[in-house]
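Here is a friendly look at the pockets of one protein. Please keep the structure open as you read.

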Amino acid sequence: MNNSSDTLLVGGLQPLTMIDFPGRLASVIFTQGCNLRCRFCYNRSLLPDTAKDTLTWKSITDFLKDRQGFIEAVVFSGGEPCRQATLLGAMREVRELGFEVALHTNGFYPQIVEQALNERLLQFVAVDFKAPLYRYQEVTGQDADPVSFGRLAELLVTAGIKHEYRTTVHPSLMSDTDIMRMADWLCDKKISSYAIQKFQHGEALDPSLHPFVSTCLQPATLLKLRSRFTSFTLRADDSKEVELKKVA
């Protein structure tokens with residue numbers, strides 16, 4: 001793939017989703033490369049900075065042009081999109097095509113998010129909140145900077161942009177106590193939307209993480225979370241959102 005300044009390294013494309021940008025019919029662009037190695041990650045092919053099979057940016061824009069008037073939005077996910085210097089240029093081009101833009105990020109690049117917000121490129125931001133900040137090294141392989149993470153939350157709240165923080169839960173990695181500590185942090189930062197995602201078994205980076213069939217958190221914990229956020233969602237899998245009254 002040509003690495004000129006107007007291209008983005010794309011590892012995959014999901015043509016249609018109603019989950020990744022709530023309230024919008026969207027396509028998802030999966031960018032190549034990530035700075036983390038989360039133990040529960042099942043997008044292993046997207047982790048390296050390069051890959052044998054990538055999509056050209058022209059093929060992506062051609063795809064989007066063919067769906068103008070049908071698809072409402074484009075989601076930049078990954079991997080970690082903010083690692084790529086061409087991300088903002090790609091967002092600008094997508095906006096010029098008439099689509100709304102969403103970003104899924106791991107929260108390590110608040111300066112990129114800030115620039116995108118300043119240019120009004122974004123309509124929705126989802127932040128993967130992996131663990132309590134002091135446990136990031138254990139779960140993701142990299143330490144978290146509390147100042148940087150706090151800065152990102154401040155940016156989203158100040159901008160008034162639609163947002164969601166979300167956490168993937170596997171019982172062997174995350175306890176109910178961990179989740180409530182994370183909820184305390186989010187509430188302190190005035191984050192209004194939180195989602196819990198059940199671990200998806202597949203080719204997880206950590207092979208010791210086995211599938212489980214039970215509810216990922218205790219019913220009492222789910223009720224507490226629901227009471228603390230304007231919007232709280234429990235996702236059982238990639239396509240299903242569970243009504244809390246059925247599990248709590």
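By class, 15 nonpolar, twelve polar and eleven charged residues make up the lining of the largest pocket (Ala, Val, Leu, Ile, Met, Phe, Trp, Tyr, Cys and Pro count as nonpolar, Asp, Glu, Lys and Arg as charged, and the others, Gly among them, as polar). The model is predicted: local features need pLDDT of at least 70, side-chain atom pairs count only at pLDDT 80 or more, and totals for chains, interfaces and linings use all residues. Residues are numbered from 1 along each chain as its sequence is written, and side-chain values use heavy atoms, with hydrogens and water left out.

A pocket is, on a 1 Å grid over the protein atoms alone, an open set of points where a 1.4 Å probe fits, with protein on both sides within 12 Å along at least five of seven lines; lining residues have an atom within 4 Å of a point.

| Pocket | Volume | Lining by class |
|---|---|---|
| Largest | about 830 Å³ | 15 nonpolar, twelve polar, eleven charged residues |

The largest pocket has a volume of about 830 Å³. Of its 38 lining residues, Y42, N43, D128, R166 and Q197 are the closest to its centre. Strand β6 gives the most to this lining, with four residues (strands are DSSP runs of E, at least two residues; helices are runs of H or I, at least four; both are numbered from the N terminus).

Lining the second largest pocket are residues including E114, L117, R120 and I161. Here helix α3 gives the most, with four residues.

How values were computed. Points joined across faces, edges and corners; volume = space filled by probe spheres on them.
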